[in-house]
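Student: I'd like to learn how to read a pocket and then an interface. Could you walk me through both?

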Amino acid sequence: MKKSTIRWITAVLALILTAGCGAGGTGGSGSGNADPGKETLTFWMKKQMFEEQNQMIQERAQQFGEEHNVNVNVEFIAYEDFYPKWSAAIESGTTPDVSFFGYQEVGQFYAKDVLEDVTDLVGKVEKANGEIQDSLKASVTFEDKLYGVPLWTESTALYYRKDMLQAAGFSEPPATWEEFREMAKALTDPSKGIYGAGLGYGKGNSDAEWLTRAIIWSHGGSLDTEDGKIVVVNTPETLQAVQLIRDIFIEDKVTPPSSIGWDDSGNNKSYLSGQSAMIFNVGSLAATIKNDNPELYENTGIAMLPAGPKGAVVPGISNNLGIFKASKNKDLAKSFIEYMTDKSWYGTWVENGAPLTGPIYKELAAEAVWQEEKNKGFVDSIAHFAFLGYPGVYNPKAGEIYNLRYVNDVFQKMLLDSGFTAQQAVEELQAKIEALYAK
Amino acid sequence: MKSLEVQTTPGTLPASGRERSKSGSWLAYLLMSPVLIYLLAVMAIPFGWAVYLSLTNKVVGVPETFVGLRNYAELLADSVFWKAVWNTLVFTLVAVILKAVFGMIMALVLNENIVARNFFRVMLFLPWTIPTIVSVFTWQWIYSDVGGVLNALLLKTGLIDSPVGWLATPDLAMFSVILVNVWRGIPFMGIAILAGLQTVSKEMYEAAMLDGAGAIKRFFYMTLPSVKEVTILSSVITTIWTLNDFEIIWLLTRGGPDNGTQVLSTLSYTVGFLNMSLGKAIAISVITLPPLIMLINYVTKRSLASDK
Amino acid sequence: MKNTLGKQITVYATLALLLLFALFPLYWMVITSFKSNGEIYSMTPTFWPKEFLGTAYDRLINEKGFMTNIKNSLLVSLIVSVFSIVVSMLAAYAISKLKFRGRSFISKSILYAYLMPRAVLFIPLYMLVTAIGINNSIYGLMLIYPTITIPYATWMLISYFKSIPDEIEEAAMIDGCSRISTMTKIIFPLSAPGIAATFIFSFTLCWSEYLYALVVVTKGADKTITLGLSDMIVGDVFAWGPLMGGSIVASIPVIIMYLFTSKYMVSGMTVGGVK
């Protein structure tokens, strides 16, 4: 017994030691590529859904390294994972030089004073490549200075099944939210398990947060302030929008039974399996079905979000590159961003992700690819973009309200408890948001 | 342990007991030193850092200022916090009890002389081998109302007439996340108790069998006492794990719907990392320490006192 | 005879139920990994793939990173769990079998170290590995992971050691064995099933750890298996096939480890060890 135990342990140890050497060796040669004499630039990029786009970034960064005689480390990180990584990096002083930031995070980090002012850099980029969409610049501008360089946009659009709409006697997608409600009623058939409105309200659901804002904003309501100070949630306009959503769920019952528990993939699952006739999503779904299910792609219509009494308002998603103040290579970081936004390369990159990733340059939005039937809705939306904080300008508090998922919380409550009226929901939102602005 | 003690006490000579404590001391410290040095070196500072930060208004990227107990006061006045406390209690208690009971059953069954015992041991161990981040997504599919197998089976057998939203109402969602936690946790309890059963000397077992004791009697008088220690301790460890379980709830419900599955660990994550209010997030975790410390004290007192 | 038959039926029926509960989700993972996307997204689920597609597995094998992930995880988990088990065995022996001042306090403190959740500790621990200069490598994980294995292992081992009656050890000491040799020749071998079980669970704790790995390691060459798997979860339309297939493949090394240790979990050698 004793002997065999010892033998066993030595065997394991031997295995580890040799394995350790192996790993040490490869690790060594891996870092051996990095010439210690050269400067190193670290870049944290959001991992894109399309492998081609990730590869292009990797190659482009390598090329930059060769041209400037520096090492470039590109790390691809999933969006969900950025928060713990940023936190740990900021606290321990190991921030990357350049990082991806959604505009909410640009605001959050601007407020923490860890981001570099890149106003000049944006000017340079525009001079070399043409004008960047104004709405995108606005979302990363604080006190007249820009703290991020826009890299791509995403927008939410309406997806609908052409055959189902036709069978119900509709030839066009809904143009207004009222029409959407009426069509959803006509499309729903619970006995077949088919629902008109694939709206979800899972707690973490970001689609729901954006869509709710789209509906409220297009009715003239708000979840923030007009002037950055006085919260204007409790208005007849907001109430009207909230009431509409409540009616769709509770009166009409045209949403799938589990949709209150959906995460971001819930509406996509529902659409792909034919449970929902209409859903709202960013371009990721269109790109996936184009590859995986050409038949469904053919049968899918994509349109801009329906309009409310105040016209169509589309929640914009802007994705940016920013430079950390703690970076030791700021100049290098700036030329790196210039390199990544160079239009000749950038145009191909952004097209590879169409229609999920939309271009920042006005000129590129006119390219043929964006005029295709199924992509047009996405770029047309850019002109109707509104950002968190609407109708006021975006501010870090508005980002916090979004991150805390106040909207989903209150809507879950309203949709689960039939005694909880739309008026009460609006009042609760007003109170919560006021408390946050007061802090 | 009682039954064992009765047998062992007569064998323990007072002289050897005394001698034991003398020669034992330095040897004991020597044996424990690697563990103690490691834990002190790696854990002491982070632990102190965390407790200190819970008394500040620390936000990521901004230097902190000391605010005393303000974070705690704010928490105590927050209804979501109390809801999370209640949910944590329900989640932890129900899950731990279920895991202990089914773990015990699993250990007893696997301890029997069954065919292909080793094969079945591996099979029942499997849920533990799949990283949570992935197994949770499988469960999400199982619970789904479209293409979800749970609803499909229940519909087929006529138990329900329309699909159920397993994650869409607070009570069902709590049930669903507990089920996943239990599914993943049973193997740990089962194998730990099984190992305890195997450590117990077989002769004692056989002696009792010869006495003609019935199966139930044997379980309560022989089996259970002999693995009581390991069952209690693995339950304590499981309690700590369950209490801090974050991934299952976060990936399935994010604490929703309507905060129905909001537990302290998910609340802490939301506050600390989506909002970057580190001080407050840590306060949420620190607040769970006193009851846990009491639990540990109680258990150690019982288990370490048994041979004093 | 009748009694044994009845008992047999109960045992096998219980076993069948446990197996059903444990394996059904895994069965679902396996068949999902072979289904086409069209089949995965259908209104009513199919219990058997209409056509077995190996594309998910092709992708896994051809993607170089995945095998590197497995290797890294294997390395970290093995080193950490062997180290943890060895030091925990010594400490657990002292706590369960020796009397000394501060025993109760020290043993409690080891568990207290376990109470802070990872979500709180990851920042200070990351600062620690950064200060030492082993951030962004598996060495950083090797330093951190014992914080999740040692308190657990020590305490489980205490309970196993304590279940061995003191009289066995005393008998050996009367025969002239020293403390150390009773420990290595009697207590450890007698507890082999417990040690083996603790080892395998320490191993799996490291194997499926996610948050520390996420924060500490960024570079591809040092990523562990959980990071590799989570890399497949991008955006809001998942690649289900590779994700499910990946986790099946990822569990194979754990099963091998389990089989490797499981022979020590069988009783019988207990009796031989005493003599």
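Predicted model: local features only at pLDDT ≥ 70, side-chain atom pairs only at ≥ 80, totals over all residues.

Student: Which residues are the closest to the centre of the second largest pocket?

Tutor: Leu404(A), Tyr406(A), Lys439(A), Asn275(B) and Lys280(B) are the closest to its centre, out of 41 residues that line this pocket.

Student: And which helices supply at least two residues each of that lining?

Tutor: From chain A, look at helix 4 (103–111), helix 19 (396–403), helix 20 (406–416) and helix 21 (422–438). From chain B, look at helix 3 (70–76), helix 4 (79–111), helix 12 (264–274) and helix 13 (278–286). By class, the lining has 16 charged, 15 nonpolar and 10 polar residues.

Student: Now the interface. How many residues do chain A and chain C bring to their contact?

Tutor: Chain A brings 48 residues and chain C brings 43 residues. Next, check the area: about 3,400 Å² is buried between chain A and chain C, with carbon and sulfur atoms giving 72% of it.

Student: Which element of chain A gives the most to the side that touches chain C?

Tutor: Helix 1 of chain A does, with 12 residues. The residues on that side of chain A divide into 20 nonpolar, 17 polar and 11 charged.

How values were computed
Residues numbered from 1 in each chain as written. Chains lettered and ligands numbered in written order. Heavy atoms only, no water. Contact = heavy atoms within 4.5 Å. Buried area = accessible area lost by both parts, 1.4 Å probe. Helix = DSSP H or I, 4+ residues; strand = E, 2+ residues; numbered from the N terminus. Nonpolar A, V, L, I, M, F, W, Y, C, P; charged D, E, K, R; others polar. 1 Å grid on protein atoms, 1.4 Å probe; cavity = no way out; pocket = protein on both sides within 12 Å on 5 of 7 lines; lining within 4 Å.
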